[in-house]
Amino acid sequence: MREELLETLDTASWRPVHTRITLALGVAWLLDAFEVSIIGSVLPTIAQQWDLSGLQGTSLIAVWLVGIMAGAQGAGVLADRFGRRRLFLVTLTFYATFTLLSAFSVDYPMLMVLRFLTALGVGAEYSAINAAISEFIPARYRGRANAAVMSFWGAGALVAAGVGAVVLAALPAGVGWRVGFAAGAVMALVALLARRTLPESPRWLLRRGETGKAGEIVERITGVRISAPDRGVTSGEFRASVGELLRRVPGRTALGAVLDFSEASGYYGLFAFFAVLVTAASGIPASRVPAYFAGGSAGALAGGVLAAAVMDRFPRATTVTSAYVLAAASLGVLGLAAAAGGPEAVMWAFFLANGTATAAWVSAYPTFTELFPTPLRSTGVGFSVSVGRVGAALSSMGLAAVASAFSLTAAFGLLAGFWLLGAAGMYVWSRSGGPEGCRMPLERLEPEIYERRAG
């Protein structure tokens with residue numbers, strides 16, 4: 001009975017319910033991009049209003065990364081223990097509450113605390129959302145749907161650029177940044193209404209022995225009715241925890257950590273590097289920087305859409321490795337533009353760098369998410385994201401130091417090296433016999449099943 005339910009789920013045609021699931025869950029990445037981008041737009045205004053030092057301003061970015069890391073890891077374990085649906089409702093509510101409260105901050109310490117709490121909610125979204133989208137979608141569409149969900153990042157960045165420009169121009173300085181934060185809460189509440197109709201992951205229910213409930217949800221999603229009585233809650237093969245993750249699937253955990261460390265270091269580093277060093281070297285005035293970031297966001301959206309289009313057409317190893325190598329190469333183009341080109345050349349090079357970088361991480365997330373076994377999928381995603389945010393923090397701080405101590409070229413080389421690390425990790429995984437997930441049912445990727453087939 002369990003096998004029949006899973007086969008029905010995996011071989012179903014694409015239906016409107018799959019579209020609703022993808023849209024309702026995709027808002028997680030839109031909100032993350034919105035928050036990261038909106039703080040960049042309003043930070044100068046906040047710094048001026050409260051007379052913040054440079055260190056205090058950058059600390060608002062750092063506390064965000066710490067919150068993302070903690071939220072992703074904590075919620076990953078909880079989503080594996082208590083279900084995807086509970087978490088993706090709670091995390092969105094948590095985010096909406098604290099980004100709204102951020103709008104009413106009376107001083108810098110209060111804003112720091114509230115930004116950390118807001119980041120906890122966004123980080124928590126990563127784990128439950130990526131696990132859920134993989135477990136709902138038919139095998140032949142899984143990569144594209146997962147990539148489409150993450151392509152909402154580019155849309156969120158563009159929304160943030162528009163909101164930031166409007167509220168800062170139309171409202172008094174002390175009000176505009178508050179409205180910017182409140183706008184995130186409004187979007188989250190709209191998304192929450194859409195998510196309330198989404199069911200629990202049938203795969204998570206099957207792992208608990210709740211075949212009757214799983215059957216009802218499979219029928220709701222696919223339109224195929226299968227009589228499946230409950231068998232009682234099972235003890236479970238795994239207990240969701242990082243220790244269990246490292247013990248059961250060390251190779252898959254290492255791949256997820258390497259891919260996320262690589263992309264987060266490269267992506268966050270690119271934004272910090274561009275804002276601090278590339279614009280100065282290229283003679284771009286501060287007033288023009290938001291336009292460059294808007295162009296970069298458009299490139300990110302294009303890169304995400306491209307990745308979604310090819311995810312289920314080629315093997316994951318080919319897609320991910322190629323995207324990471326192209327992301328590294330695009331930094332060479334940006335380096336040449338910064339050194340010898342004019343502002344227009346830098347704009348197009350930044351567009352290209354954002355596009356290839358987004359295509360890389362959008363192809364990586366579905367790849368390592370589907371490799372984790374269902375009882376540890378959210379935990380695995382959370383652990384990978386946590387490792388990635390460590391890389392993001394180190395990259396954001398380290399690139400300026402490398403450029404200062406050595407040269408701008410050396411900093412570009414380091415940034416490209418982060419992307420090549422991910423490409424190398426994916427290459428080693430595929431060459432060492434790691435399973436290929438493209439169009440493959442999730443259960444055939446389970447480590448114990450894969451090992452039996454390989455043996």
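1. The crossing of H15 and H16 is right-handed, a term used when the near helix is turned clockwise from the far one by less than a right angle. The model is predicted; local features need pLDDT of at least 70, side-chain atom pairs count only at pLDDT 80 or more, and totals for chains, interfaces and linings use all residues. Residues are numbered from 1 along each chain as its sequence is written, and side-chain values use heavy atoms, without hydrogens and water.

2. Helix H15 covers residues 343-371 and helix H16 residues 377-405; their axes come within 8 Å and cross at roughly 135 degrees. H15 is therefore oblique to H16, oblique being the class left after roughly parallel (under 35 degrees), roughly antiparallel (over 145) and roughly perpendicular (65 to 115). Helices here are DSSP runs of H or I with at least four residues, numbered from the N terminus.

3. On the H15 side, the contact (heavy atoms within 4.5 Å) is made by Tyr365, Phe368, Thr369 and Glu370. H16 contributes Arg377, Val381, Ser384, Val385 and Arg389.

4. Thr367 also lies in helix H15. This residue is buried, with a relative accessible area of 2%, where buried means under 20% with a 1.4 Å probe and protein chains only. Its side chain reaches the backbone oxygen of Ser363 at 2.8 Å. Beyond neighbours within four places in sequence, Thr367 is in contact with Met311, Arg316, Val320 and Met426.

5. Helix H13 (residues 289-310) also meets H15: the axes come within 7 Å and cross at roughly 35 degrees. The crossing of H13 and H15 is right-handed.

Note on methods
Axes fitted to C-alpha atoms, helices over the stretch in contact; angles between N-to-C directions. Helix = DSSP H or I, 4+ residues; strand = E, 2+ residues; numbered from the N terminus. Buried < 20%, exposed > 50% of the residue type's maximum accessible area, 1.4 Å probe, protein only. Polar contact = N/O pair within 3.5 Å; in protein donor to acceptor, adjacent residues only side chain to side chain.
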